[in-house]
Amino acid sequence: MKKINKISIEKNYSKNLFFIKCFNKIPLPLIICDVIYNLQEKKKEYVISDINKSFIKTFNLNNSELIGKDVKEIKNKILKNVELIKFVIDKNLTCFAVFDCKKIRKNDKNFEKLRLYEILRNVNKILFDSKNRDILIKRISREINKLDFVDFFYIYLNKD
């Protein structure tokens, strides 16, 4: 079990108070994770710090079974037939929306719409964060390529 920095989580929660107030009221199963940077393996790990009531109700799991565990570990062992969509709250805190794949297939339009929103949000973030034009284009292209229904796209950048 990974150690979670409770102070950092509380700080991040207070910064994002609106999200936290809505967290248990949202009917979609959600997982909040503390982002841990593994310097040896040069990758991020997402350690579960909270789950909402909808998650508990949908998957019949409780906090004690999940808190402190890596999301990938839980997905591979317990939640095998789920799709996770990541929403970055800030650099130390991330939220995952959890979809049961069997239910998704019945309701593909809503899933595609959520996927599109996620990608548009990511593209918007890339536009604000990128300093280098070439990196900007590569990152936006990578995001848009995630959309199965897009066969062709064009990026126009103004000189300004």
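**Aromatic pairs and cysteines**

Two aromatic pairs are present in the structure. Rings of Phe, Tyr and Trp (its six-membered ring) count as paired if their centres lie within 6.5 Å; planes under 30 degrees apart are stacked, those over 60 edge-to-face, and the rest tilted. The model is predicted, so local features require pLDDT of at least 70 and side-chain atom pairs pLDDT 80 or more, while totals for chains, interfaces and linings use all residues. Residues are numbered from 1 along each chain as its sequence is written, and side-chain values use heavy atoms, leaving out hydrogens and water.

Tyrosine 46 and phenylalanine 96 pair edge-to-face. Their centres are 5.3 Å apart, with 85 degrees between the planes. This pair links distant parts of the chain, 50 residues apart. Tyrosine 46 lies in strand 2 (residues 43–51) and phenylalanine 96 in strand 4 (residues 93–100); helices (H or I, at least four residues) and strands (E, at least two) are DSSP runs, numbered from the N terminus. Tyrosine 46 is buried at 11% relative accessible area, and phenylalanine 96 is buried at 6%. Buried means under 20%, exposed over 50%, and partly exposed in between (1.4 Å probe, protein chains only).

Phenylalanine 55 and phenylalanine 59 form a tilted pair, 4.9 Å centre to centre, with 45 degrees between the planes. They are four residues apart in helix 3 (residues 53–59), and so separated by about one helical turn. Both phenylalanine 55 and phenylalanine 59 are buried.

The structure holds zero disulfides, defined as pairs of cysteine sulfur atoms within 2.5 Å. The sulfur of cysteine 95 is 8.1 Å from its closest cysteine sulfur, in cysteine 33, and is therefore too far for a bond. Cysteine 33 is buried, with 0% relative accessible area. Cysteine 95 is also buried, at 2%.
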